[in-house]
Amino acid sequence: MNKKGYFGQFGGQFVPESLMPLLIELEEAMNNIIPTQEYQSIYHELLHDYVGRESPLTFCPNLSNLFNLHLWLKREDLNHTGAHKINNALGQALLAKMMGKTHLIAETGAGQHGVATATAAARLNMDCSIFMGAEDVERQAPNVMRMKLLGAKVYSVDTGSKTLKDAINEALRYWVSHQHDTLYCFGTAAGPHPFPTLVRIFQSIIGQEARRQMIDRTGKLPNCVVACVGGGSNAIGIFYSFLKDKDVCLIGVEAGGTGTPGCHNSASITQGIPGVLHGQKTMLLQTGDGQIMPSESISAGLDYPGVGPEHAYLAELGRVQYDVVYDHETLSAFTILSRKEGIIPALESSHALAWVIKHADKLKDFDVLVNLSGRGDKDLGIIEQHLSNL
Ligand SMILES: *Cc1c(COP(=O)(O)O)cnc(C)c1O
């Protein structure tokens, strides 16, 4: 970051004046509370005893044989609540608590971050309200049920496209009018400063563990680290510890959708242009006249029309390569990992694996580390619609 909250030309705080005091309070808490011994010891105890960290590093013998490489998975799917999102939700919930807040709010699209936040709030004895687009409330009924079971109030957002983008706007509005007791727990490494940095701090545990685990197991660093990119939190989480290792190639995989010309997708870096959304300057999917395009992907968790500003910057620097894979490639990666290794991955994470399979000829004998960001139980309904030949 050169200027405060900027990653090169990306990032910043493009927010109404009324939001600035809240962001400043949060930034101060990030700088002053997180480094304390008290915070660190409670957070690490939660990660260990409640989330189940550290997460294993799993070698995949069958796929390694099949594709002539050495495939390693960082198993974020084995965390409590089934994905990496809990690392961040607990981190922000604990921060809120130590700031003296009693109420956590969050946006959610597919419901995964809503469930993680509701979980963290329950554990830390806090009230919880989740903002979710009306369309998503309908599409994601099981996660709405989970959030309610966990004691959260779910607000159905009826404005705009009634999806994630609108839920974020609504949650920001609510935060401004309830700032005395409320903290907004943002779900990915995006949004106005300090959220991209805050979320990266909590998710970088993934890369810290994985780097050490790879050295322990292989005596060296991986040749290549691959992660899917929605807003970018699991990807920055695993990349961050490898940024200085210039020989380690880093690949961020975006959702290319069906790949049919004219169809929407979620590939903000590979197919977007710079713009401002949700308080940040970043790469965005936009129409010719600057409207945000509806994003679309087989995996709801990648369905965000923007991307965290640090990824936009790493793309511009060329330190991380970003690429797309398409739905059919994702589905075959999903199936092959299930069949050959006995691991049913989230559709989001299947994008990362699909990239490896697609480019296996260029990765011969490489140690390839894939961030398996989540498990696939939540996706069985979608899988059933797409795979008729199971
Ligand atoms: C939410 C989600 C993602 C996408 O979010 P990022 O912030 O880009 O990591 C990826 N994988 C899983 C399993 C998710 O639930």
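Pro-194 sits in the loop that runs between strand S8 (182-184) and H9. This is a predicted model, so keep that in mind as you look around. The peptide bond leading from His-193 into Pro-194 is cis, and its omega is near 15°.

There is another cis bond to find, this one from Arg-53 to Glu-54, with omega near 10°. Where does Glu-54 lie? Look in the loop between helix H2 (37-51) and strand S3 (57-59). As background, most peptide bonds are trans, and most residues other than glycine have a negative phi.

## Loop residues with a positive phi

Now for some backbone angles. Asn-125 is not a glycine, yet its phi is positive, at about 65°. You'll find Asn-125 in the loop between H5 and S6. Is Asn-125 buried or exposed? Its relative accessibility is 69%, so Asn-125 counts as exposed.

Lys-162 is a residue other than glycine too, and its phi has a positive value near 55°. The loop this time is the one between strand S7 (153-157) and H8. With 31% relative accessibility, Lys-162 counts as partly exposed.

## Aromatic rings that meet

Next up, the rings. A pair of aromatic rings is described by two things: the distance of the centres and the angle of the planes. How many aromatic pairs are there here? The count comes to eleven. Take Phe-131 and Tyr-174: their ring centres are 5.4 Å apart and their planes are at 55°, so this pair is tilted. The pair links distant parts of the chain, with Phe-131 in strand S6 (residues 127-133) and Tyr-174 in helix H8 (residues 164-177), 43 residues apart. Both Phe-131 and Tyr-174 are buried.

Trp-175 and Phe-195 make a tilted aromatic pair as well, with 6.0 Å from centre to centre and 55° between the planes. Since Trp-175 lies in helix H8 and Phe-195 in helix H9 (residues 195-203), the pair ties together parts that are 20 residues apart in sequence. Trp-175 and Phe-195 are both buried. They also belong to one aromatic cluster, together with Tyr-184 and Phe-186. Elsewhere, a charge meets a ring: Lys-153 lies over the face of Tyr-155, at 4.6 Å from the ring centre.

## Helix H10 from end to end

How far should its 14 residues span? At 1.5 Å a residue, the answer is 20 Å, and the end C-alpha atoms are 20 Å apart, which agrees.

Part of H10 is tucked away: Ile-205, Ile-206, Gly-207, Glu-209, Ala-210, Gln-213 and Met-214 are buried. After the helix comes Gly-219, which has a positive phi near 75°.

## A pocket and a cavity

The second largest pocket has a volume of about 260 Å³. Its lining is made up of 13 residues, and those nearest its centre are Tyr-240, Leu-243, Lys-244, Glu-310 and Leu-314. Which helix gives the largest share of this lining? That would be helix H13 (residues 309-317), with four residues. Sorted by class, the pocket lining has seven nonpolar residues, five charged and one polar.

What about cavities? Searching the whole structure turns up one cavity of 30 Å³ or more. The volume of the largest cavity is about 30 Å³. Around it you'll find Thr-81, Ala-83, Lys-85, Gln-112, Val-115 and Ala-116. Helix H5 (residues 112-123) supplies the largest share of that lining, three residues. By class, the cavity lining splits into three nonpolar, two polar and one charged.

One last stop. Ile-344 is in the loop between helix H14 (327-341) and helix H15 (347-358). Its relative accessibility is 43%, so Ile-344 counts as partly exposed. How many residues separate Ile-344 from Arg-375 in sequence? The gap is 31 residues, while in space Ile-344 and Arg-375 are 6.1 Å apart, C-alpha to C-alpha.

Terms used:
Residues numbered from 1 in each chain as written. Predicted model: local features only at pLDDT ≥ 70, side-chain atom pairs only at ≥ 80, totals over all residues. Heavy atoms only, no water. Helix = DSSP H or I, 4+ residues; strand = E, 2+ residues; numbered from the N terminus. Expected span 1.5 Å × (residues − 1). Buried < 20%, exposed > 50% of the residue type's maximum accessible area, 1.4 Å probe, protein only. 1 Å grid on protein atoms, 1.4 Å probe; cavity = no way out; pocket = protein on both sides within 12 Å on 5 of 7 lines; lining within 4 Å. Points joined across faces, edges and corners; volume = space filled by probe spheres on them. Nonpolar A, V, L, I, M, F, W, Y, C, P; charged D, E, K, R; others polar. Phe/Tyr/Trp six-rings, centres within 6.5 Å; stacked < 30°, edge-to-face > 60°. Lys NZ or Arg CZ within 6 Å of the ring centre and 35° of its normal.
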